[in-house]
Amino acid sequence: MEFENTTALITGGTAGIGEATAILLARGGATVLITGRDPERGAAAVAAIEEASGGSGGSARYLQADLGDLASVRRLAEQAGPVDVLVNNAGSFPTAATVDQDVASFEEIFDTNVRGAFFLTAALVPSMLARGSGSIVNVTTMAAQLGMAGAAVYSASKAALASLTRTWAAEFSAGGVRVNSVSPGPTATAGVMAVWGEETIRAIGAGVPIGRAGTADEIAETIAFLASDRASFVTGATINVDGGRTAI
Ligand code: NAP
């Protein structure tokens with residue numbers, strides 16, 4: 001089993017891309033720790049992950065956490081203990097035109113997508129470095145590389161996370177810890193369709209070379225690859241999983 005004896009923490013693992021990633025890693029034999037703010041969602045996701053990975057030896061546990069709240073991030077790091085894989089996936093993605101952007105939503109986006117991921121990583125990486133191994137995967141977005149009207153703050157926050165990927169690769173490579181980004185294009189999850197609108201996601205999908213929105217499973221496959229030893233010579237990279245949108 002590829003992820004046997006591996007503990008993986010996936011923030012926002014109770015839905016969408018995070019849950020799909022948790023299923024793949026648990027199927028590979030990992031002990032998966034998933035986070036989210038809503039405990040009911042957490043319990044349902046644990047049941048779904050364990051059912052989907054039955055017989056693999058993998059397991060799932062839910063830890064309630066709000067990545068936008070620093071005290072909660074610190075508690076999460078303590079509760080999780082040493083992990084081998086960290087997927088910084090939880091994200092806040094409300095939209096607004098720049099002239100309409102309110103401060104509270106600006107802060108929520110940066111607190112969750114940048115500050116939360118930053119201090120969770122800073123708290124968990126020392127044990128990876130002490131063991132001389134680990135893999136961190138940051139989930140960014142194609143909007144961090146393109147100008148998308150109405151997504152200024154979200155895109156900027158994910159561009160910051162992409163920058164952290166490169167800095168962390170520089171800081172942690174000598175200690176055996178790899179750090180990479182997966183940059184999804186439009187992905188048909190219930191969460192993003194509720195916030196951005198299903199029509200919008202389908203329309204953005206129709207505009208990518210492959211001609212459709214992706215699925216959470218398609219993004220999760222690349223996250224699982226980067227988390228695994230199959231990607232042992234890959235660090236500081238961003239893999240675009242966006243139907244060709246940023247390349248063509
Ligand atoms: P999703 O289906 O809405 O799932 C989001 C997950 O994150 C849930 O588990 C949610 O649980 C959790 N979460 C949200 N805010 C949180 C917070 N402040 N603290 C802790 N957990 C939080 O979203 P998704 O579409 O899978 O997106 C996952 C990641 O991919 C995000 O970072 C997003 O920016 C990125 N992405 C998505 C797309 C897309 O089109 N779907 C495209 C590019 C990038 P609770 O609500 O219970 O907290």
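The buried residues of α8 are covered by elements that include α1, β4, β5, β6 (177-184) and β7 (238-241). Buried stands for under 20% relative accessible area, exposed for over 50%, and partly exposed for what lies in between (1.4 Å probe, protein chains only). Helices (H or I, at least four residues) and strands (E, at least two) are DSSP runs, numbered from the N terminus. The model is predicted: local features need pLDDT of at least 70, side-chain atom pairs count only at pLDDT 80 or more, and totals for chains, interfaces and linings use all residues. Residues are numbered from 1 along each chain as its sequence is written, and side-chain values use heavy atoms, with hydrogens and water left out.

**Helix α8**

- Ala 216, Ile 219, Ala 220, Thr 222, Ile 223, Ala 224, Leu 226 and Ala 227 are the buried residues in α8.
- From first C-alpha to last, the 12 residues of α8 reach 16 Å, close to the expected 16 Å at 1.5 Å a residue; the expected span is 1.5 Å times one less than the number of residues in the helix.
- Ile 219 belongs to helix α8 and is buried, at a relative accessible area of 1%.
- Contact means heavy atoms within 4.5 Å; not counting residues up to four places away in sequence, Ile 219 touches Ile 17, Val 182, Pro 184, Thr 187 and Val 241.
- Between Ile 219 and Thr 187 there are 8.1 Å in space, C-alpha to C-alpha, and 32 residues in sequence.
- Thr 215 sits in the loop between α7 (198-206) and α8, and is partly exposed with a relative accessible area of 35%.
- The C-alpha atom of Thr 215 is separated by 8.1 Å from that of Ile 17, at 198 residues apart along the chain.

**Nonpolar cores**

- A nonpolar core is a set of buried Ala, Val, Leu, Ile, Met, Phe, Trp, Tyr and Cys residues joined through side-chain atoms within 4.5 Å.
- The largest nonpolar core has 31 residues, of which Leu 25, Val 32, Ile 34, Ile 49, Val 87, Val 182 and Ile 223 touch the most other members.
- At least two residues of this core come from each of β1 (7-10), α1 (16-27), β2 (31-36), α2 (39-52), β3 (59-64), β4 (85-88), β5 (134-139) and α8 (216-227).
- With seven residues, α8 gives the most to this core.
- Apart from this core lies another, of 24 residues, including Val 83, Ala 117, Leu 161 and Trp 168.
- Leu 25 is in contact with Phe 3, Ala 8, Ile 10, Ala 30, Val 32, Val 85 and Ala 224, leaving aside its neighbours within four places in sequence.

**Ligand surroundings**

- The ligand is surrounded by 31 residues, the closest being Thr 14, Arg 37, Asn 89, Tyr 154 and Thr 189; a residue is near a molecule if one of its heavy atoms lies within 4 Å of it.
- A polar contact is a pair of N or O atoms within 3.5 Å; within protein, one must be able to donate a hydrogen and the other to accept it, and residues adjacent in sequence count only if both atoms are side-chain atoms.
- A polar backbone atom of Gly 12 is 3.2 Å from an oxygen atom of the ligand.
- For Ala 15, a backbone N or O atom lies 3.5 Å from a ligand oxygen atom.
- In the side chain of Lys 158, an N or O atom is 2.7 Å from an oxygen atom of the ligand.
- Of the 880 Å² of accessible area that the ligand has on its own, the protein covers 94%; accessible areas come from the Shrake-Rupley method with a 1.4 Å probe, and for residues only the protein chains shown count as cover.

- Asn 180, in strand β6, is buried with a relative accessible area of 0%.
- The backbone oxygen of Val 234 is reached by the side chain of Asn 180 at 3.0 Å.
- Phe 172 is in helix α5 (residues 152-172) and is buried, with a relative accessible area of 7%.
- Leaving aside neighbours within four places in sequence, Phe 172 is in contact with Thr 121, Val 125, Leu 129, Ile 136, Val 177 and Val 179.

**Backbone at Asn 5**

- Asn 5 has a positive phi of about 60 degrees although it is not a glycine.
- Most residues other than glycine have a negative phi.
- Asn 5 is placed in the segment before β1 and is exposed, with a relative accessible area of 76%.
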